[in-house]
Amino acid sequence: KRSSAPVNTNKKKNRMGSLANESFNIELQQLDASTDTARNQRTQWLLTSPNPPSFFHQLISSVKKNVDKTKKQSRNGVFFSFLKGLFPILSWGRNYKGTKFKHDVMAGLTLASLCIPQSIGYANLAKLDPQYGLYTSVVPPLIYAVMGSSREIAIGPVAVVSLLISALVSKIIDPAVDHIAYRNLVFTATFFTGAFQAVFGLFRLGFLVDFLSHAAIVGFMGGAAIVIGLQQLKGLLGINHFSTKTDVVSVLEAVYKSLHNEPWFPLNFVLGCSFLIFILMTRFIGKRNKKLFWLPAIAPLLSVVLSTLIVYLTKADQHGVKIVKHFKGGINPSSLHQLQFNSPHIGEIAKIGLICAIVALTEAIAVGRSFASMKGYHLDGNKEMVAMGCMNLVGSLTSCYTATGSFSRTAVNFSAGCETVVSNIVMAITVLISLELLTKLLYYTPLAILASIIISALPGLIDISEAFHIWKVDKTDFIICIAAFLGVLFGSVEIGLIIAVGISFGKIIHGTIRPSVELQGRLPGTDTFCDITQFPVATETQGILIIRVNNASLCFANANFIRRRILSTMTSRSEEQSKGKIRILVLDMSSVMSIDTSGIVALEELHRELVSQGIQLAIANPRWKVINKLKVAKFVDELGKGWIFLSVGDAVDACLNTKMGDLSTINC
């Protein structure tokens, strides 16, 4: 009897232990069942989601929304709202105060002191008479003041656009042969520039400006700056005959021949370099002492005044110093009758207008947005395009060539404390007064001074630190930057632009047609799945391969490539894995925003190839438009609804709960 007691006790303990195990197993089964139910419910949410709105439905909704908004307003309210949108000055002009006007007047006068000599120099760069540069600093700023939304941007001629015009229009008509015909074509190109810019803004085609990437702009501006500097050797050295080409080799060859075959006068070089050093010194002082910001702003005008006095008093023009001589003053004359719409070169002129429109908009919007961000307000790119287009359209009718926002003058305007675009109005009025009263005094202005003023503005266009930053961040972008730089330097401005845009497009196309796929694993202790190459600690699940497609679109351009890439990745991974065979492929489509019929066909082919190898395909996290098209194409029925999951985690958990030998146990 004593010996039987322990035996009974052990039996009771075993019975209690088995009961505990049974209850634990029941709880696990219940937990698994609840987990499966929740997972199936999430899949149903995905499969029963409403259809996304079609393009026509979105278009009709947008029109209806605008119509409803219009109905809520009276006719006068709608008209006034339209006017305020077209002319922003009607909005901020109501609250304009005298304190702001004081700051704008000071900024405008400071801006004019820099604008007058620069405009004369840029007209010379564009191979036009000096007065056309000043004309371009009168009408376009006035138009922009009532239509533009940037408070700081300074409007007028700029170096890069002036170079573009002279380089491209000179290929059609040589200004040395027929200066009047050349000038008329420049006005016509300006008209097309304004027309393209206005159309871009009205039809919200601002994305066209983005075709010039940041890297391409950095390279293009750097190359253009060097080309502009080389072009100024004609005025700086007092050379009579010069190359019409803009590439480095042609310009240096022209300089060499002129210096050896023609007499030249060193006084031009001495005078130009002396005042170039003076301008650069004032700029250095202005950077060191912010209170003296006005000193580098007035240095170009001071250089023009002093050099003109020196030439006049010393009769230096009789000793070889080249001077401006003819300088027509007065208010902008009409140029409507000078537009050449019947010219046999109208197609080429329209192309030049398009190129100038894109380059001018790129520079202006970049300048405007950078200074707007400093002041904490947003700049509407489409409204800016309309304003730029209108000012160039009106400018082409009033003897102006293409104007845009200047970075150097905008920086001066900002430093001078401008509050609104009234500073542009003050600048334009000051330039107009100069045209009426002071043009005769500029007869003896040496061309070497104009060249030195342009050269002094070029360092701001060459951004070596930004090019180095591009090299560190993205090597492909650096190639685009260097290609644009070398294209402008050794080809032409047009070739540089084509190369930059071409390589940028090539980068986009290559990324679209040859996207990458990545193997994913689970981070330990989490439900997060990520790239096993980026995170080596991520672990793969035996028998399950998870691949994510890294592209926003699965379309005709890349569908077959992605299918082959998935199969090759799976094959190479099977050879690397020594344990077990891949039984399930989970395709993470979280990055795929859209799919077309070619993409669906590629998925169907992938599914059939996997089935022939005894591998089941599962799709995780398909986006709204993607799952809708897969349902319409009956691919969901072909694959099985049980193999569509809301997340990669759901797909892996479902596969782990399935007997690997019987894949059909997942509810289909």
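Predicted model: local features only at pLDDT ≥ 70, side-chain atom pairs only at ≥ 80, totals over all residues.
Local features require pLDDT of at least 70 and side-chain atom pairs pLDDT 80 or more, whereas totals for chains, interfaces and linings use all residues. Residues are numbered from 1 along each chain as its sequence is written, and side-chain values use heavy atoms, without hydrogens and water.

The largest pocket has a volume of about 1,300 Å³. Volume is the space filled by probe spheres set on the points. The lining of this pocket comprises 42 residues; a lining residue has an atom within 4 Å of a point. Phe 407, Ser 408, Ala 411, Gly 460 and Leu 461 lie nearest the pocket centre. Helices that each supply at least two lining residues include H5 (98–125), H13 (266–288), H15 and H17. Helices are DSSP runs (H or I, at least four residues), as are strands (E, at least two), numbered from the N terminus.

Twelve aromatic pairs were found in the whole structure. Rings of Phe, Tyr and Trp (its six-membered ring) pair if their centres lie within 6.5 Å; planes under 30 degrees apart are stacked, over 60 edge-to-face, and the rest tilted. The ring centres of Phe 371 and Phe 414 are 5.3 Å apart and their planes meet at 55°, so this pair is tilted. Phe 371 belongs to helix H15 (residues 346–375) and Phe 414 to helix H17 (residues 407–415), so the pair ties together parts 43 residues apart in sequence. Phe 371 is buried, at 5% relative accessible area. Phe 414 is partly exposed, at 28%. Buried means under 20%, exposed over 50%, and partly exposed in between (1.4 Å probe, protein chains only). Elsewhere, ring pairs join Tyr 132, Tyr 135 and Phe 187 into a cluster.

Charges also sit over rings (NZ of Lys or CZ of Arg within 6 Å of the ring centre and within 35 degrees of the ring normal). The charged end of Arg 151 is 4.0 Å from the ring centre of Tyr 377. For Lys 315 over Tyr 312, the distance is 5.3 Å.

Lys 581 lies in the loop between helix H23 (559–576) and strand S7 (584–588). Lys 581 is exposed, with 52% relative accessible area. A polar atom of the Lys 581 side chain lies 3.4 Å from the backbone oxygen of Gln 613.

Methods: Polar contact = N/O pair within 3.5 Å; in protein donor to acceptor, adjacent residues only side chain to side chain. 1 Å grid on protein atoms, 1.4 Å probe; cavity = no way out; pocket = protein on both sides within 12 Å on 5 of 7 lines; lining within 4 Å.
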